[in-house]
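These are my notebook entries on one protein structure. I put down what I looked up, in the order I looked it up.

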Amino acid sequence: MRTMNNIARCYEILELKPGASLEEVNLAYKDLAFIWHPDRIPADNPRLQQKAAEKLKQINFAREQLRTLKARTERPIAKTKSPQPKRPPRYQYQYQTTTQTQTQPKPQQNSSPDLSGADLSGRDLHEKDFSRRNLSNANLSEANLSDGFLHKVNLEGANLTKANCFRANFFQANLRNANLQEANLIGADFSGADLSGANLKGAKVGSGNRIMVKLTGVNLTGATLPDGTIHE
């Protein structure tokens, strides 16, 4: 009962009806995250800033819970679409054994493909979901990652030079030693991310003196900041 109540609460937080599709969940999340991003709240209003931060935390939690629920409940349906062909009893045991031996490793590979070292430079990856994927040392220079979902993604050592990361969500992402030179980071959420040793020289992070990037709980040890200074 408690689990059902939690799921219902997640739909309520995202202002959705119970049973909404994953696409509807993602769209609602994107809209609400944009509205409640603390960087959009005036700095001289700490009360509203705190309220926005709490609201964004709830929105992040709700989307993660519903994504996990959808992944758990929708995958088994796809597997039952192709019935096993009928074969004589003597034949059937051999067919099952062979198929199982050949295909057993595949689900593990398909569930989270390893994209380490991949060349995705200049690609249009708008609103793509790379959550929890391994993109270490990948080439994403000048790629369009705007509005992308990169929760807990591994981008260690990746090249994101001049990448468009407008409103991308890097919640708890691993960006150690990543190259983000001249990247557009306006509206991006790096809450809880590890940016130690990363190079952000020349990156776009706001307008004038106003920072428009979410950096709550970020590790910037040894990172090169947009102005070229090294964060201690």
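I began with the neighbours of Asn 60. Leaving out residues up to four places away in sequence, I found that Asn 60 touches Tyr 29, His 151, Asn 169, Phe 171 and Asp 189; contact means heavy atoms within 4.5 Å. The model is a predicted one, in which local features need pLDDT of at least 70 and side-chain atom pairs count only at pLDDT 80 or more, while totals for chains, interfaces and linings use all residues. Residues are numbered from 1 along each chain as its sequence is written, and side-chain values use heavy atoms, with hydrogens and water left out.

I placed Asn 60 in helix α3, residues 46–79. Helices (H or I, at least four residues) and strands (E, at least two) are DSSP runs, numbered from the N terminus. Asn 60 is buried, its relative accessible area being 7%. The term buried means under 20% relative accessible area, exposed means over 50%, and partly exposed is in between (1.4 Å probe, protein chains only). The side chains of Asn 60 and Tyr 29 are joined by a polar contact of 2.6 Å. A polar contact is a pair of N or O atoms within 3.5 Å; within protein, one must be able to donate a hydrogen and the other to accept it, and residues adjacent in sequence count only if both atoms are side-chain atoms.

Next entry: Glu 142. I found Glu 142 in the loop between α5 (106–111) and β1 (206–207). Is Glu 142 buried or exposed? Glu 142 counts as exposed because its relative accessible area is 52% and the cut-off for exposed is over 50%. Its contacts, not counting residues up to four places away in sequence, are Gly 122, Thr 161, Lys 162 and Ala 163. I also checked Ala 183, which is 41 residues from Glu 142 in sequence and 8.0 Å from Glu 142 in space, C-alpha to C-alpha.

Then I looked up salt bridges. A salt bridge is a side-chain nitrogen of Lys or Arg within 4 Å of a carboxyl oxygen of Asp or Glu. A search of the whole structure gives nine of them. One of them joins the side chains of Arg 67 and Asp 129, at 2.9 Å from N to O. This pair links distant parts of the chain, with Arg 67 in helix α3 and Asp 129 in the loop between α5 and β1, 62 residues apart. Arg 67 counts as buried at 17% relative accessibility, whereas Asp 129 is partly exposed at 29%.

I noted a salt bridge between Asp 147 and Arg 167 too, with the closest N and O atoms 2.8 Å apart. Both lie in the loop between α5 and β1, so the pair ties together parts that are 20 residues apart in sequence. Asp 147 is buried at 6% relative accessibility, and Arg 167 is partly exposed at 27%.

My last entry is on nonpolar cores. A nonpolar core is a set of buried Ala, Val, Leu, Ile, Met, Phe, Trp, Tyr and Cys residues joined through side-chain atoms within 4.5 Å. The largest has 36 residues, and those touching the most other members are Leu 155, Leu 160, Phe 170, Leu 185 and Phe 190. There is also a second, separate core of 17 residues, including Leu 14 and Val 25. For the protein as a whole, I noted that 35% of the 232 residues are buried.
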